[in-house]
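Welcome! Take a look at the structure below, and then we will walk through a few of its residues together.

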Amino acid sequence: MRSDDDPDISHHGEALPVPAGGSILRGAHYYAVRVFFEDTDLSGVVYHANYLRWFERARSDLLRMLDIDQRHAHEGGEGAYAVSDLAIRYAAPARLDDDVLIETRAVQIGRASCRLKQRAFRDDQLLAEMDVRVGFVAPNGRPRRQPEKWLAAFDNFMNRSPDAGNSAPQGALPDHSPDLKD
């Protein structure tokens with residue numbers, strides 16, 4: 001067993017790589033993923049459930065960027081976010097080695113929940129889109145008000161979005177690609 005003191009694994013003062021994070025740009029959060037072999041099914045396309053994993057990673061990264069400490073809240077007995085509702089539509093397949101960009105926008109913020117729109121793109125091609133509502137729940141599973149700091153962070157993020165407050169009809173999702181040109 002190796003230890004941190006083992007000279008064979010020391011980085012000798014050089015910086016080691018850290019996990020990549022997303023970016024917030026024009027009121028949306030963007031998170032990049034690459035399709036690995038493990039993400040595909042027998043037909044060579046991304047297995048449908050992996051989009052849910054990618055969307056979850058993007059939401060978690062957004063929370064981190066908004067300085068929302070889920071772990072501290074959970075460990076402190078305040079509660080945690082739980083998905084309460086989602087609708088997903090698949091538009092085109094992703095394949096091995098594709099670079100996929102996940103876009104997340106806040107659409108509606110309530111005292112105990114947030115509604116988000118998430119889309120997966122390869123270049124400008126829409127691959128999948130999802131409406132998701134996450135609720136803040138106490139350790140006993142009952143809905144609870146989000147911490148005020150979290151509400152303020154989401155409100156600030158949502159108000160930077162060009163389509164803030166423009167809620168689509170229930171189950172409807174946008175059909176345009178992100179404008180990353182400016």
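The backbone nitrogen of R95 lies 2.8 Å from a polar atom of the D98 side chain. Keep in mind that this is a predicted model.

- You can find D98 in the loop that runs between β3 (80-90) and β4 (99-109).
- Is D98 buried or exposed? D98 is buried, because its relative accessible area is 16%, and the cut-off for buried is under 20%.
- Apart from neighbours within four places in sequence, D98 is in contact with V33, R34, V35 and R122.

**D61 in a helix**
- D61 sits in helix α1.
- With 7% relative accessibility, D61 also counts as buried.
- Which residue's side chain makes a polar contact of 2.8 Å with the side chain of D61? That partner is H29.
- Setting aside neighbours within four places in sequence, D61 is in contact with G21, G22, H29 and Y31.
- Y31 is 30 residues away from D61 along the chain, yet their C-alpha atoms are separated by 7.8 Å.

**The largest nonpolar core**
- This core has 33 residues, and Y51, Y81, V100 and F154 have the most contacts inside it.
- At least two residues of this core come from each of β2 (28-34), α1 (48-65), β4, β5 (113-122), β6 (125-137) and α3 (148-159).
- In soluble globular proteins, nonpolar side chains tend to be buried together.
- Beyond its neighbours within four places in sequence, F154 is in contact with several residues, including L62, L63, Y81, I109 and L116.

Methods
Residues are numbered from 1 along each chain as its sequence is written. This is a predicted model: local features need pLDDT of at least 70, side-chain atom pairs count only at pLDDT 80 or more; totals for chains, interfaces and linings use all residues. Side-chain values use heavy atoms; hydrogens and water are left out. Helices (H or I, at least four residues) and strands (E, at least two) are DSSP runs, numbered from the N terminus. Buried means under 20% relative accessible area, exposed over 50%, partly exposed in between (1.4 Å probe, protein chains only). A polar contact is a pair of N or O atoms within 3.5 Å; within protein, one must be able to donate a hydrogen and the other to accept it, and residues adjacent in sequence count only if both atoms are side-chain atoms. Contact means heavy atoms within 4.5 Å. A nonpolar core is a set of buried Ala, Val, Leu, Ile, Met, Phe, Trp, Tyr and Cys residues joined through side-chain atoms within 4.5 Å.
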